[in-house]
Amino acid sequence: MPNQHPIHIAGDLASLPLPPEDLWVRAHRPANRLGLVAFVGIAVIALASALMAAQAAADPQGATASALRRLLSPPMLSRPGGCGPSQSQTNSATCILIPGTLVEIVGHDGYREASTPLVRVRIDSAQLSAEFGNPMLLEADARTQINPASPNIAATGVKVGAPVQVSFDPRAPKTSSGAYLLTQFVVVSDGRLPDCFVELDIDDPPPGPLPGTGAMNAEEAFRRTFPNVTDFKMFPGASAANSFAPVWIIAASGETYVAYILGSTTAPNNWYAFRAKFVRCHTPQEIRDRQIVPGSPADSPRPDGTRG
Amino acid sequence: MARQSRGDWEQLYRRAFPDVYRAVVAVVFDADIALDSVQDAFEIGLRNPPKVEANLTGWLFRVAVRRALRVRLRRPPRQMPSAYTSELDRTLDRIETRRLLELLTPRQRSIVVAHYFLGLHHEEIASLLGIRRGTVGATISHALARMREENSHA
């Protein structure tokens, strides 16, 4: 029995019409579909591992992938999230991240869009450069794992000259553009947010901030809200040099936070800090297509400096 | 709640749906986002059922509101027939509650709706949202004062 209130909340809301019952549960099942994708992925990985093992057995002198592994010194090897334990155990070349420098996003418009999925990367290793090209031409497809998570490389906001890591399968046929197919493309970061249209999952616990009850600046807001977190780094928003840009904060524990101004940028005590997680970068097209959720935090300035 | 069949969970969910959906609409005022979020809550509950002692309506509401208020840059896909959304919009435009709820922050709306529409006690709301009971009471008092003030000016 709803609690009584003179403003008739219960009565008013009970009069809201309901959608058709067949819509109450989704017709398609994302959870099941995810399960199917995961199952297919595992099957493909298992098949690929078996094929590589068979190829290695037929090529005892060592194939290109083996040469690639030998050329890489141990510190250059890392285990990206996309490579499962079984792949790491096989030392699959597609799981080895190779450090380099971004030379070009082919067809880049100078912003965050590109007309091609091609990139040129100068590999740090002179030996690898000599073998695979200097710079090396690589092509992303829908399966390429991009970090930070983005629909394509241009949308990450990565700039020419930035340090990157790439992985590819040197045995796979080149694409129609004559490029090696990227399995992973990683923008090397010191922890700050990527310079893209970021989507954050911000934990804004109730009752929600009240205007004017915040702090004078980002650090004060963070220290006040999370007094137990004493070891942290702050990264002011990349999009603006002024003091109003949101600030990304990383604790030594790895927890991430964002501090930003709610309400007027000229009024005092409007800085607030929240737990936040980076979700993904969006393309400019996605931004153009977006619509604002009424009353959502998207109505406030976002950490990329844009406003909903 | 122990792991149960999809059918059992769906039956419980459908029983709670009308209240939960209306409550989420009252927080976000958007039929597509409300439906998408409540559908998400159903699927999350299917994978990770709430504890047996949980208030099911409150649990669904909390999960759905959290999804609905997440910063999002894209709308969920349109699922609603336009005749339905038109009818909902007309109803929302007509009721006094909408104008008053819009004076509050989404979090304040969540708490007010949980208490006055879903009938949850302060303790239940505090437990569901992981906040102190006093915070729930203070939030409701503050929200009601704001709504009454506006109502007296109307």
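1. Chain A holds an open sheet of five strands, in the order 7-11-10-9-8, with antiparallel pairing. Strand 7 (197-203) and strand 8 (232-236) of chain A stand at the edges. Each has a single partner strand, so one side of each has no neighbour in the sheet. On average, neighbouring strands of this sheet are turned by 40 degrees against each other, direction ignored. Note that this is a predicted model.

2. Look next at one pair inside the sheet. Strand 9 (residues 247-251) and strand 10 (residues 256-261) of chain A pair in the antiparallel sense over four bridges. Trp248(A) has Val258(A), in strand 10 of chain A, as its bridge partner. Helix 6 (residues 218-225) of chain A packs on the sheet. Helix 6 touches strand 8, strand 9, strand 10 and strand 11 (271-282) of chain A. Its direction makes about 100 degrees with that of strand 11 of chain A.

3. Arg112(A) deserves a look. This residue lies in the loop between strand 1 (98-105) and strand 2 (118-123) of chain A. Is Arg112(A) buried or exposed? Arg112(A) counts as buried, because it has 24 C-beta neighbours inside 10 Å, and 20 or more are required.

4. Which residues does Arg112(A) contact beyond four places in sequence? They are Ala154(A), Ala155(A), Gly157(A), Cys196(A), Thr283(A) and Pro284(A). The C-alpha atoms of Arg112(A) and Val158(A) are separated by 8.4 Å, with the two residues 46 apart along the chain.

5. On confidence, chain B has a mean pLDDT of 84, and 90% of its residues reach 70 or more. Within chain B, confidence is highest in helix 1 (residues 6-28), at a mean of 91, and lowest in helix 8 (residues 133-153), at 82. For the complex, the predictor gives an ipTM of 0.89 and a pTM of 0.48.

Technical notes. Residues numbered from 1 in each chain as written. Chains lettered and ligands numbered in written order. Predicted model: local features only at pLDDT ≥ 70, side-chain atom pairs only at ≥ 80, totals over all residues. pLDDT = per-residue confidence, 0-100. Helix = DSSP H or I, 4+ residues; strand = E, 2+ residues; numbered from the N terminus. Pairing = 2+ DSSP bridges. Axes fitted to C-alpha atoms, helices over the stretch in contact; angles between N-to-C directions. Contact = placed C-beta atoms within 7 Å. Buried ≥ 20, exposed ≤ 12 C-beta atoms within 10 Å, placed from the backbone.
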